[in-house]
Amino acid sequence: MYRYDEFDHAFVAERVAQFSGQVARRVSGELSEDEFKPLRLMNGLYLQLHAYMLRVAIPYGTLASHQLRKLAHIARTYDHGYGHFTTRQNIQYNWPKLEDVPKILAELAEVEMHAIQTSGNCIRNITADPLAGVAADEVDDPRTYAEIIRQWSTLHPEFSFLPRKFKIAVTGAPSDRAVTRGHDIGLRMHRNADGEPGFEVMVGGGQGRTPILAKTLRDFLPVDQMLSYLEAILRVYNQLGRRDNIYKARLKIMVESLGVEALAELVEAEWAQIPDGTLDLPIEERQRIAAYFAPPSYVDLPDESSALDGAIAADASFAAWVESNVHEHKQPGYAIATISTKPHGGIPGDASAEQMEAIADLAEQYGFGEIRISHKQNLILPDIQKTDLFALWQALGILGMSAANAGRISDIIACPGLDYCNLANARSIPIAQRISERFSDLAREREIGDISLNISGCINACAHHHVANIGVLGVDKKGTEYYQVTLGGVSNENAAIGSIIGPAFDEWQIADAIETIVDVYLQQREVGEKFIQTYQRIGPQPFKEKLYASD
Amino acid sequence: MSIRTSRIPAENTAQAITANRLSDGSVIYLTAKDNWSERIEDCQSAPDPQAAKVLLHQAQRHAANGHVVGPYLFKIEHENGTPVALGRREIIRTRGPSVGTDLKRPI
């Protein structure tokens, strides 16, 4: 885990003091809302439908147990007893009072957290593979680089007022669990022919009303030149990105209009202007940061666990959970456990203060006190001995968090939607609840297998519906909520944007429509085929025919 | 909570003023006593566009003086003499999130 140095502590404390003063001046009437709004947004404080919403950054989705306990404490003390984990590995509180926000920020600062750059036209929270450092297929831990980018981009004076928000994701593995092609910049680490680590640099990805997958700007960027190259990209974007039209201001629009080759030339020219050694970190500094992410003290264990095998054989429910929620660890005898925030009929991404505290305890009892937040809105315990998995699963059962559905149809990503969000056109959460209840039979979920279903309440696509196998987009048609379905989206290393299947469904038809889609898949699939493979083989027509048969 | 229907307001529908309270962001309504209430039942109704303009002006004065954020007009109708919001967004603002604020799975 990265620990703040003196500089980090000082600037976060300074921001808390500044914001306390700004809130006091707003409450006294010295600041108008027009003056205050940009200040509160710089500190992650939005005004939503019913209340303020505070978005707290969880850098690259990594939390220590004491930080999770603090998030629980904040939920209980200043909010309604829960928090909402988001697709950008952040946590949102839906009900803070304005006067409490400086206190919340001060409490966050105590555990080296803040809400800076979780809003506004700046470089947002850096996201990463939630299995960083533990995945068996990893080249190197991406968090070292995500942390370097975090430090470089935090309060960067040149990039605090970009044409639009800017999102960067980093992965150190060939399996893309960070949706890197869905970001303004995606970095994928790999090795060149000489075995040296570097990044494939992808640019111009984004979702929203114009979903575009990032294109490769450079196949291989040596890791030690990362910052200067990023600086060059940001400078070109800052100069040429459109500020006249909010819908055309993201980097993706610039990449589309310029072409990636022309952009590469501009970036290379800008890069050449940056003198060597002024931005890129010396190796000692990189190693110093990498040391924060050094592997914990694993015990030497055999990879097989007879206790685990016995428990799997004895308990079918546990076996199902292991099948879907346990991932291979790089260290023999260890496993990675996904804790689903999505019990059937639950609210995706929500966790109560009690649940957060209990998970912090479990992370200490069975792991090394570390927790990850995934873009799928689940929590992950990265270092569990295989022998302990059964006890962990039993403890999660008591918390109501042992749903065996990671990667399954009820593992739905859903944005807050019109129940909370000022931008939404339609509700997302009740639709997610209805669909997940429809698929509450465990045997049926296992039969359906790996699939992704994401629901966004507006075209801003916070729930990544464009890159879901089944995407659902809430729209408003003459005062009624309708749900448009896209099929064929993929968020991993084979990323693809889904296509609209046909006319939208109303809120009472959408669960049936999803069921019809699943039925077509089950009827048409060949042995061993996942949903997306069947869709790619047979195309949209069989789905269309069934969905709109009576039209 | 079912929000199955939300009618399209007619052109000359009555309007009222809503805003968010500065201190906690709560949904509030401008009352006939030139005050603010959390209950839509207390809202001052403007029967025509001219009256609505006067109400908005009044509300903007409150916003300029602080304690109220972003006042705007929205359409209402009267059911048995009680004002109710028209449009799904305003219905949800009136009632709160349709999924409730508490987790479905308390420990």
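Which helix of chain A is mostly covered, and how many of its residues are buried?

1. Helix H14 of chain A, residues 429-438, is the one in question: seven of its 10 residues are buried, where buried stands for under 20% relative accessible area, exposed for over 50% and partly exposed for what lies in between (1.4 Å probe, protein chains only). Helices (H or I, at least four residues) and strands (E, at least two) are DSSP runs numbered from the N terminus. The buried residues include Ile429(A), Pro430(A), Ile431(A) and Ile435(A), and among the elements that cover the buried residues of H14(A) are strand S19 (480-487) and helix H16 (510-524) of chain A.

2. A word on the basis of these values: this is a predicted model, in which local features need pLDDT of at least 70 and side-chain atom pairs count only at pLDDT 80 or more, while totals for chains, interfaces and linings use all residues. Residues are numbered from 1 along each chain as its sequence is written, chains are lettered from A in the order in which they are written, and side-chain values use heavy atoms, with hydrogens and water left out.

3. The contact between the chains (heavy atoms within 4.5 Å) takes 45 residues from chain A and 32 residues from chain B. About 3000 Å² is buried between chain B and chain A, and carbon and sulfur atoms give 56% of that area, which is the accessible area (1.4 Å probe) that two parts lose on being put together, summed over both.

4. The rule finds two salt bridges across this interface, a salt bridge being a side-chain nitrogen of Lys or Arg within 4 Å of a carboxyl oxygen of Asp or Glu. Asp476(A) and Arg88(B) meet through their side chains in a salt bridge, at 2.7 Å from N to O. On the side of chain B that touches chain A, strand S1 (14-21), strand S4 (68-79) and helix H2 (88-95) of chain B each supply at least two residues, and H2(B) gives the most, with four residues.

5. Lys167(A) lies in the loop between helix H5 (143-153) and strand S7 (168-171) of chain A. Lys167(A) is buried yet has no salt bridge, and the nearest side chain of opposite charge, that of Asp184(A), is 6.5 Å away; Lys and Arg count as positive and Asp and Glu as negative, with His and the chain ends not counted.

6. Val139(A), in the loop between strand S6 (127-128) and H5 of chain A, counts as partly exposed because its relative accessibility is 25%. The C-alpha atoms of Val139(A) and Met189(A) are separated by 6.8 Å, although the two are 50 residues apart along the chain.
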